[in-house]
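The structure under discussion is shown below.

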Amino acid sequence: MKNQEFNDELISYLYGDMSAEECEAFEQKMKDSPELKKEYEALLEVRKELADLEERDIVAPVFSGSHEKTMITPVRNTWSRYIMKPIFEVAASLTLLLVAGYLTDFQLSIADGKVSVGFNNKPVETVQQVLTEPEIRALMQEEMSKNNHELLTTAQKNSDEIDTRVIALEKSVKSIKANTAKSIVTKEELEQFFTMAETRNTDAMREFMASATTQQQQYLKALFTEYNDYLQQQRQDDLTLIRSGFIEMKQNQTQQKLETDQVLASLISTVSTK
Amino acid sequence: MSEVLEKIAFMHSNNLIEKAIAGDQRAFDKLVGLWFKKIYNFSWKYFANHDLAMEATQQTFIVAYKGIRKLRDVDSFRFWLYKIALNHCREEDRRTKRRSWFSIHGLEETKNYSSVIGNPEVEIQKKEKAELIAGYLTKLPGEQKEVIIMKEFEGMKFREIAEALNTSENTVKSRLYYGLNALRKLMENSEMKN
């Protein structure tokens with residue numbers, strides 16, 4: 001009977017998913033067929049081997065829904081993700097450029113201090129000189145005088161601004177000096193301040209620890225109380241069950257006694273009549 | 001003792017789930033603390049790889065955080081969470097297979113987890129055996145692997161697995177049967193080689 005039905009039954013038996021009668025019937029089937037029993041034992045052996053696969057210990061990371069992305073750490077494929085990907089991206093771009101250059105017959109050369117760029121092997125057209133030397137000189141002169149004027153104006157503005165700032169700075173230095181003279185802090189005052197801060201910090205830490213401990217205690221207490229309630233409830237239910245059993249038993253006994261009395265009375269009356 | 005406390009905590013997690021559904025951030029944080037190990041172990045058995053398991057676990061909780069308000073039934077939280085984890089494992093598996101030719105290390109385990117406790121030799125042997133078995137699991141077809149993990153390690157009922165996978169109980173049993181047999185063959189082959 002090596003078929004699908006048997007496979008399902010074997011699995012159900014292997015995992016205890018059968019009623020007592022079904023179990024008996026299946027065990028009988030195995031007795032009749034040693035081959036099936038062998039298969040069952042082999043699968044049982046596999047299950048025992050699987051039991052060696054223990055749970056691994058792992059520490060759960062802190063999860064914050066609002067910062068869910070921080071939980072994801074780049075834990076895998078560092079090679080492909082952070083090294084290979086950029087390399088392939090650059091390589092792909094270069095290949096694209098080379099193909100484009102080849103198709104358009106791109107030319108690039110440096111000669112006589114000139115950089116020439118062109119396509120289809122055509123000579124690069126240069127801009128022809130259309131101005132004479134004196135004209136260029138005049139233009140340069142004009143441009144230089146304009147620049148000089150602008151520079152002078154800017155320098156003058158800057159100088160005025162610096163003067164204003166220097167005056168303001170002097171004023172503020174004077175004011176700081178005056179204030180410093182008023183508020184000199186002594187060493188004792190500093191020490192006192194630090195001692196106070198230290199005491200305050202210690203108190204805060206102590207309060208925090210005390211509060212945390214109390215909270216923990218409360219939580220544990222609540223947990224155990226709940227667990228205790230659960231056990232009590234269970235116990236109460238069990239007791240109720242036992243009590244109702246006893247009452248039922250007692251009722252049965254009374255009933256039986258009555259019946260026995262009735263039978264006895266009937267027997268006695270029968271005998272006395274005869 | 002810690003296992004007992006963990007069980008008690010799981011017993012009382014319904015309250016936390018209710019609060020998390022109502023939008024309580026701290027309750028959700030506690031749920032993450034409670035379920036992280038379980039979901040990580042589920043994913044680790046799926047991949048036999050710490051990094052992939054961590055990624056799938058983290059993604060599971062991010063999706064759970066976004067969707068928990070839509071959860072109507074507190075009791076279905078467990079299956080709902082496993083279902084999210086399973087979907088992420090499948091997705092991650094597909095992604096990993098697609099780029100496996102591209103990656104140098106592929107599914108290589110990083111081995112940066114739990115420290116060796118007790119007798120180092122015994123612990124190392126146990127760890128190696130666990131890795132070997134997890135390695136066998138990764139060689140199984142996805143649908144068989146999922147069913148084995150859910151039944152064998154998460155202790156889910158056939159009905160629950162069928163519900164989570166949107167299939168029938170008989171199909172679940174059938175996948176489990178073929179999966180266990182495939183594992184047996186893998187183990188036998190490995191023994192023969194050794």
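In chain B, Ala48(B) sits in the loop that joins α3 (25-47) to α4 (50-67). The model is a predicted one. Ala48(B) is not a glycine, yet its phi is positive, near 55°. Most residues other than glycine have a negative phi. Ala48(B) has 21 C-beta neighbours inside 10 Å and therefore counts as buried, since the threshold for that class is 20 or more.

A second residue of this kind is Asn166(B), located in the loop between α8 (158-165) and α9 (169-193) of chain B. The phi of Asn166(B) is also positive, near 55°. Is Asn166(B) buried or exposed? Asn166(B) counts as exposed, because it has 8 C-beta neighbours inside 10 Å and the limit for exposure is 12 or fewer.

In chain A, helix α1 (residues 4-14) contains the buried residues Asp8(A), Glu9(A), Leu10(A), Ile11(A) and Tyr13(A). After α1(A) comes Gly16(A), with a positive phi near 65°.

| Residue | Phi |
|---|---|
| Ala48(B) | near 55° |
| Asn166(B) | near 55° |
| Gly16(A) | near 65° |

The axes of α3(B) and α4(B) approach within 8 Å and cross at roughly 140°. That angle makes α3(B) oblique to α4(B), because only angles over 145 degrees count as roughly antiparallel. The crossing of α3(B) past α4(B) is right-handed. On the α3(B) side, the contact involves Phe28(B), Val32(B), Phe36(B), Ile39(B), Tyr40(B), Ser43(B), Trp44(B) and Phe47(B). Their partners in α4(B) include His50(B), Leu52(B), Met54(B), Thr57(B), Phe61(B) and Tyr65(B). By class, the residues of this contact comprise 13 nonpolar, 4 polar and no charged.

A further helix pair in chain B is formed by α7 (residues 142-153) and α8(B), whose axes come within 10 Å and cross at roughly 140°. α7(B) and α8(B) are therefore oblique to each other, and their crossing is right-handed. From α7(B), the contact draws on Glu146(B), Val147(B), Met150(B) and Lys151(B), while α8(B) supplies Ile161(B), Ala164(B) and Leu165(B). How many residues of the contact of α7(B) with α8(B) are nonpolar, polar and charged? There are 5 nonpolar, no polar and 2 charged residues in the contact of α7(B) with α8(B).

Key
Residues numbered from 1 in each chain as written. Chains lettered and ligands numbered in written order. Predicted model: local features only at pLDDT ≥ 70, side-chain atom pairs only at ≥ 80, totals over all residues. Helix = DSSP H or I, 4+ residues; strand = E, 2+ residues; numbered from the N terminus. Axes fitted to C-alpha atoms, helices over the stretch in contact; angles between N-to-C directions. Parallel < 35°, antiparallel > 145°, perpendicular 65-115°, else oblique. Left-handed = near helix turned anticlockwise from the far one by under 90°. Contact = placed C-beta atoms within 7 Å. Nonpolar A, V, L, I, M, F, W, Y, C, P; charged D, E, K, R; others polar.
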